[in-house]
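Subject: Structure handover

Hi,

My notes on it follow below.

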Amino acid sequence: RKRLGRDAPAEELHRVRLTAKKMRYLVDCCRSVYDPGDITAVVDALRRLQNALGRFNDAEVQDAMLDEGAAAMVADGRADPDVLLAMGRLQERLRRQGRKARRRSLRRLERFTDKNTRARFAAVFGEGDA
């Protein structure tokens with residue numbers, strides 16, 4: 001958790017997203033075994049974390065695709081200045097959204113790993129390492 005500060009690599013945040021997704025699907029498929037109120041809270045916490053991380057990942061992927069597309073256009077000699085300008089504007093917008101999504105993701109991750117959420121998981125699944 002300490003490694004995932006403000007400057008955490010996008011790849012690390014993506015790994016957390018994939019892990020949250022796997023956990024959510026695993027918990028969701030066993031939903032009938034647990035108290036509906038308790039399990040809903042756990043699934044919702046996982047869903048919120050996964051969604052926030054997904055928005056960040058989407059912005060990162062789209063930004064990279066625009067970089068690749070612009071580079072390919074320049075390399076092929078078909079770089080229309082108006083198109084490149086529009087791509088640059090779109091990238092700037094995506095980067096703003098990505099920074100906002102990163103901050104939101106890190107806040108969600110903090111909430112997800114706080115003592116209240118760990119206690120909720122322990123109450124549902126047993127004491128374990130809570």
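H1 and H2 cross with left-handed geometry. Please bear in mind that this is a predicted model. H1 covers residues 10–29, and its axis comes within 9 Å of the H2 axis. The crossing angle is roughly 150°. Angles over 145 degrees count as roughly antiparallel, so H1 and H2 are roughly antiparallel to each other.

The contact draws on both helices. From H1 come Ala10, Leu13, His14, Val16, Arg17, Ala20, Lys21, Met23, Arg24, Tyr25, Val27 and Asp28. From H2 come Ile39, Val42, Val43, Leu46, Arg47, Leu49, Gln50, Leu53, Gly54, Phe56, Asn57 and Glu60. By class, the contact of H1 with H2 has 14 nonpolar, four polar and six charged residues.

Next, the other helix pair. H4 spans residues 115–125, and the axes of H2 and H4 come within 10 Å. They cross at roughly 135°. H2 and H4 are therefore oblique to each other. Their crossing is left-handed. On the H2 side, the contact is made by Asp38, Ile39, Ala41, Val42, Ala45 and Leu46. On the H4 side, Arg120, Phe121, Val124 and Phe125 take part. The contact of H2 with H4 counts eight nonpolar residues, two charged ones and no polar ones.

Two aspartates in H2 are also on my list.

Aspartate 63 lies in H2, which runs over residues 36–75. Is aspartate 63 buried or exposed? The cut-off for buried is under 20% relative accessible area. Aspartate 63 has 14% relative accessibility, so it counts as buried. Leaving aside residues up to four places away in sequence, aspartate 63 touches Gln91, Leu94 and Arg95. With glutamine 91 there is a polar contact, side chain to side chain, at 2.7 Å.

Aspartate 67 is in helix H2 too. At 39% relative accessibility, aspartate 67 counts as partly exposed. Which residues does aspartate 67 touch, not counting those up to four places away in sequence? They are Gln91 and Arg95. The side chain of aspartate 67 makes a polar contact with the side chain of glutamine 91, at 2.8 Å. Glycine 88 is 21 residues from aspartate 67 in sequence. In space, their C-alpha atoms are 8.9 Å apart.

To recap, the side chain of glutamine 91 makes polar contacts with the side chains of aspartate 63 and aspartate 67.

Best wishes

Terms used
Residues numbered from 1 in each chain as written. Predicted model: local features only at pLDDT ≥ 70, side-chain atom pairs only at ≥ 80, totals over all residues. Heavy atoms only, no water. Helix = DSSP H or I, 4+ residues; strand = E, 2+ residues; numbered from the N terminus. Buried < 20%, exposed > 50% of the residue type's maximum accessible area, 1.4 Å probe, protein only. Polar contact = N/O pair within 3.5 Å; in protein donor to acceptor, adjacent residues only side chain to side chain. Contact = heavy atoms within 4.5 Å. Axes fitted to C-alpha atoms, helices over the stretch in contact; angles between N-to-C directions. Parallel < 35°, antiparallel > 145°, perpendicular 65-115°, else oblique. Left-handed = near helix turned anticlockwise from the far one by under 90°. Nonpolar A, V, L, I, M, F, W, Y, C, P; charged D, E, K, R; others polar.
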